[in-house]
Amino acid sequence: MEEPPRFRQRSKGFATKALHTGQDPEQWKSRCIVAPIITSTTFEQPSLDKFGEFINGREGNPTRNVLEKCLAHLDAGEHCVTFSSGTGAVMAVVSMLKPKDHLVCSSDLYGGTTYLLRKHCEHYEIGLDTVDPTELDQLQKAIKKNTKMVFIETPTNPLIKVLDIAAISKILKTFDSQNIIFVVDNTLLTPYFQRPLDLGVDIVVYSLTKYMNGHTDVTMGAAITNCPKLEQKLKFAQVFSGIVPSPFDCYQVNRGIKTLAVRMEGHAKNSLMVARFLESHPLVERVLHPGLPSHPQHKLAIRQSFGHSGIMSFYLKGNKDNTAKFMKALKYFLFASSFGGPESLISTPTTLSHAFLPAEEREKLGITDNLIRLSVGLEDADCLINDLDQALKLSQR
Ligand SMILES: *Cc1c(COP(=O)(O)O)cnc(C)c1O
């Protein structure tokens with residue numbers, strides 16, 4: 001074998017220096033104003049049998065803690081557990097159910113949630129009934145002896161139905177020995193516009209991907225509760241299913257939250273202007289926005305929430321062909337799923353979020369080819385209205 005070439009001898013300890021110089025864990029007590037992104041996956045422990053606040057990055061992370069504290073507080077809740085997506089948060093909640101339990105959910109849930117609940121309940125032999133809880137007696141009748149959870153969203157998407165959270169909670173309390181867990185997905189309104197825990201809900205779920213982060217650049221979720229037992233179960237799902245968010249994403253959402261109030265005011269103002277414009281337009285059949293007095297649950301909406309976000313829907317006059325022409329003519333509304341970012345988006349539930357439902361089931365729900373869902377963004381309202389106006393004209397060509 002050939003000898004390696006004999007270069008100069010380097011002084012000893014290079015690798016050790018690279019690992020330890022300036023890196024003392026004790027020093028991280030700076031008084032920075034913005035929460036730092038702590039990426040460390042493990043934390044030095046004070047002694048053999050005494051552990052610090054953080055042990056490993058999956059169980060706990062300082063950047064994540066900052067966000068969880070803030071989110072719990074915004075909902076006037078005690079505990080918040082974050083997840084790597086909104087779907088992860090929903091999964092953590094439904095994983096509390098056991099075979100032979102029964103779940104009642106509302107119709108017109110987020111498409112991904114409907115799909116998840118159906119598949120999950122089928123696989124684990126959990127009973128599942130879907131009701132339209134705008135009819136409260138439908139909900140009451142659906143409750144069985146083994147019902148362990150009720151899962152709703154309000155307002156619903158894309159049909160923008162408003163459900164009476166306090167009334168549903170009151171019904172569930174009459175089955176008091178059953179301890180039915182009442183879950184509300186509050187993604188559409190955020191705690192800025194609606195606080196379900198105050199209305200008798202046990203767990204509030206969020207896709208932080210939407211308004212809470214608000215910049216179309218993070219996928220993340222959260223669940224908030226006042227009940228320590230439920231918190232333990234959520235925490236178990238977070239840590240031991242490993243569906244944890246990254247410290248960077250936690251930082252991003254924490255940053256987004258700082259402007260939640262002003263962003264939501266902007267979405268609310270723009271969406272109401274757009275809704276009023278569309279309602280007055282001859283090429284629009286019907287507009288679904290809780291801020292309009294024509295909305296079937298307008299009175300409930302203004303009693304229950306503090307405002308409405310940028311999510312709304314409308315029925316265009318015409319068929320799929322007119323819908324396609326309308327969408328193609330738009331300049332500012334981008335055709336994409338999801339919502340809650342500053343950019344205005346438009347989607348067609350029949351081909352995007354609800355494509356997995358059989359056509360007749362969609363028809364029955366009112367999800368037809370001329371139903372259009374808008375996520376009204378933060379552009380100038382005039383630009384949005386002019387854009388819709390010109391595209392409506394072209395839709396009938
Ligand atoms: C988007 C959304 C979800 C799923 O969230 P992801 O972060 O995309 O997994 C759940 N519920 C509602 C109401 C949503 O809009």
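Modeller: The C-alpha centres of domain 1 and domain 2 are 27 Å apart. This is a predicted model, and the domain assignment places residues 14-257 in domain 1 and residues 261-395 in domain 2. To the contact between them, domain 1 gives 40 residues and domain 2 gives 43 residues.

Next comes the area. The size of an interface is often stated as the accessible area that is lost when the parts come together. For domain 1 and domain 2, the buried area is about 3100 Å², with 62% of it on carbon and sulfur atoms. On the side of domain 1, Ile160, Phe193 and Tyr211 stand out: these residues supply 26% of the area that domain 1 buries against domain 2, more than any other three residues.

The interface also has polar and charged pairs. Between domain 1 and domain 2 there are 16 residue pairs in polar contact, counting pairs with both residues at pLDDT 80 or more. Two salt bridges cross the interface of domain 1 and domain 2.

Now the ligand. There are 14 residues around the ligand, and those that come nearest are Gly86, Thr87, Asp185, Thr209 and Lys210. Sorted by class, this shell holds eight polar, three charged and three nonpolar residues.

In aspartate 185, an N or O atom of the side chain is 2.7 Å from a nitrogen atom of the ligand. Serine 207 has a polar side-chain atom 2.9 Å from an oxygen atom of the ligand. For threonine 209, the distance from a polar side-chain atom to an oxygen atom of the ligand is 2.6 Å. On its own the ligand has 380 Å² of accessible area, and the protein covers 93% of that.

How values were computed:
Residues are numbered from 1 along each chain as its sequence is written. This is a predicted model: local features need pLDDT of at least 70, side-chain atom pairs count only at pLDDT 80 or more; totals for chains, interfaces and linings use all residues. Side-chain values use heavy atoms; hydrogens and water are left out. A residue is near a molecule or strand if one of its heavy atoms lies within 4 Å of it. A polar contact is a pair of N or O atoms within 3.5 Å; within protein, one must be able to donate a hydrogen and the other to accept it, and residues adjacent in sequence count only if both atoms are side-chain atoms. Accessible areas come from the Shrake-Rupley method with a 1.4 Å probe; for residues, only the protein chains shown count as cover. Ala, Val, Leu, Ile, Met, Phe, Trp, Tyr, Cys and Pro count as nonpolar, Asp, Glu, Lys and Arg as charged, and the others, Gly among them, as polar. Domain bounds come from an automatic or database domain assignment. Contact means heavy atoms within 4.5 Å. Buried area is the accessible area (1.4 Å probe) that two parts lose on being put together, summed over both. A salt bridge is a side-chain nitrogen of Lys or Arg within 4 Å of a carboxyl oxygen of Asp or Glu.
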